[in-house]
Amino acid sequence: MLRGPKTSLVVAQQIVRDTARKGLKTGDLLPPEKAMLEEYQIGRGTLREGLRLLEFQGMIALKPGPKGGPVLLDPDASQLASTIILLMQLQNASLRTIVEARTALEPVICRLAAERISDEKLGELEANVDRMQQSFDTTDIDTFLETNKEFHDIIAFSTGNALFGYLTDALMRITGGTVMGVDHPAALRETTLKAHTNIYRALSEHNADLSEERMRDHINEYVRYAEKKFPELLGQVLPWNQAIGG
């Protein structure tokens with residue numbers, strides 16, 4: 001006999017639905033506990049379990065204090081990245097699987113971005129390339145890695161397709177360097193900066209063919225570096241307990 005979903009999961013789904021229906025935004029507080037108990041006709045334990053599910057998914061944070069409560073967040077793809085790693089480990093699939101997915105997806109995403117990207121997003125990309133240049137000059141590795149991921153995220157979300165955005169975000173969290181254990185010496189950072197600059201220029205011209213080509217070259221160059229410097233790495237299965245950066 002099939003069992004229905006737990007009441008706490010149903011309540012969590014209702015809260016998500018009502019949040020969208022009411023047009024609540026990041027930083028807004030959900031209704032107080034008493035109001036939600038009355039609205040959903042459930043017990044306090046069930047409501048709190050439902051809220052914990054949403055907290056685990058990165059949708060809310062529980063703000064302490066008398067004026068606190070569940071506050072809406074802007075969810076990122078860290079949970080998606082974690083789930084992908086779990087599924088790949090269950091299939092005994094190596095990191096090469098993730099890299100192949102990026103190689104297939106991102107050039108096409110970049111092509112679509114060239115056709116749809118707004119002036120506002122182009123401005124964000126230009127600022128991103130400038131920050132990467134500054135971090136390169138100061139050997140600020142953390143900022144370099146952060147701007148590297150942000151560059152790919154901006155392009156993906158510029159397509160107007162949120163799924164492309166979250167998929168790219170998740171895959172970048174896995175293959176961006178720190179999780180895989182790939183270091184970023186000056187030569188690789190210089191190559192990355194040059195590639196990002198050229199991709200930005202192709203996107204600013206809305207040249208779909210060139211944007212796709214340059215993104216494909218960029219990812220393939222990264223793969224060649226990993227294969228040369230860390231030949232065993234792409235064949236490894238990343239364990240689910242591997243941390244995913246936020």
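**Close-up 1. The second largest pocket and the residues around it.** Sorted by class, the lining has nine nonpolar, two polar and three charged residues. The pocket's volume comes to about 160 Å³.

This is a predicted model, so to speak of local features takes a pLDDT of at least 70, side-chain atom pairs count only at pLDDT 80 or more, and totals for chains, interfaces and linings use all residues. Residues are numbered from 1 along each chain as its sequence is written, and side-chain values use heavy atoms, with hydrogens and water left out.A few terms for this view: on a 1 Å grid over the protein atoms alone, a pocket is an open set of points where a 1.4 Å probe fits, with protein on both sides within 12 Å along at least five of seven lines, and lining residues have an atom within 4 Å of a point. The volume is the space filled by probe spheres set on the points, which are joined across faces, edges and corners. Helices (H or I, at least four residues) and strands (E, at least two) are DSSP runs numbered from the N terminus. Nonpolar covers Ala, Val, Leu, Ile, Met, Phe, Trp, Tyr, Cys and Pro, charged covers Asp, Glu, Lys and Arg, and the others, Gly among them, are polar.

Close-up 2. Look for N128 in helix α6, which runs over residues 119–137. N128 has a relative accessible area of 0%, so it counts as buried (under 20%; exposed is over 50%, partly exposed in between, with a 1.4 Å probe and protein chains only). Its side chain makes a 2.7 Å polar contact with the side chain of E150 (N or O atoms within 3.5 Å, one able to donate a hydrogen and the other to accept it; residues adjacent in sequence count only if both atoms are side-chain atoms). Setting aside neighbours within four places in sequence, N128 touches T147, E150, F151 and I154 (contact is heavy atoms within 4.5 Å).

**Close-up 3. Two aromatic pairs.** The whole structure holds two aromatic pairs (Phe, Tyr or Trp rings, the six-membered one for Trp, with centres within 6.5 Å; planes under 30 degrees apart are stacked, over 60 edge-to-face, the rest tilted). In one, the ring centres of F157 and Y166 sit 5.4 Å apart with planes at 85 degrees, so this pair is edge-to-face. F157 is partly exposed at 31% relative accessible area, and Y166 is partly exposed at 30%. Y225 and F230 also pair edge-to-face, 6.4 Å centre to centre with 65 degrees between the planes. Here Y225 is buried at 16% relative accessibility, and F230 is buried at 18%.
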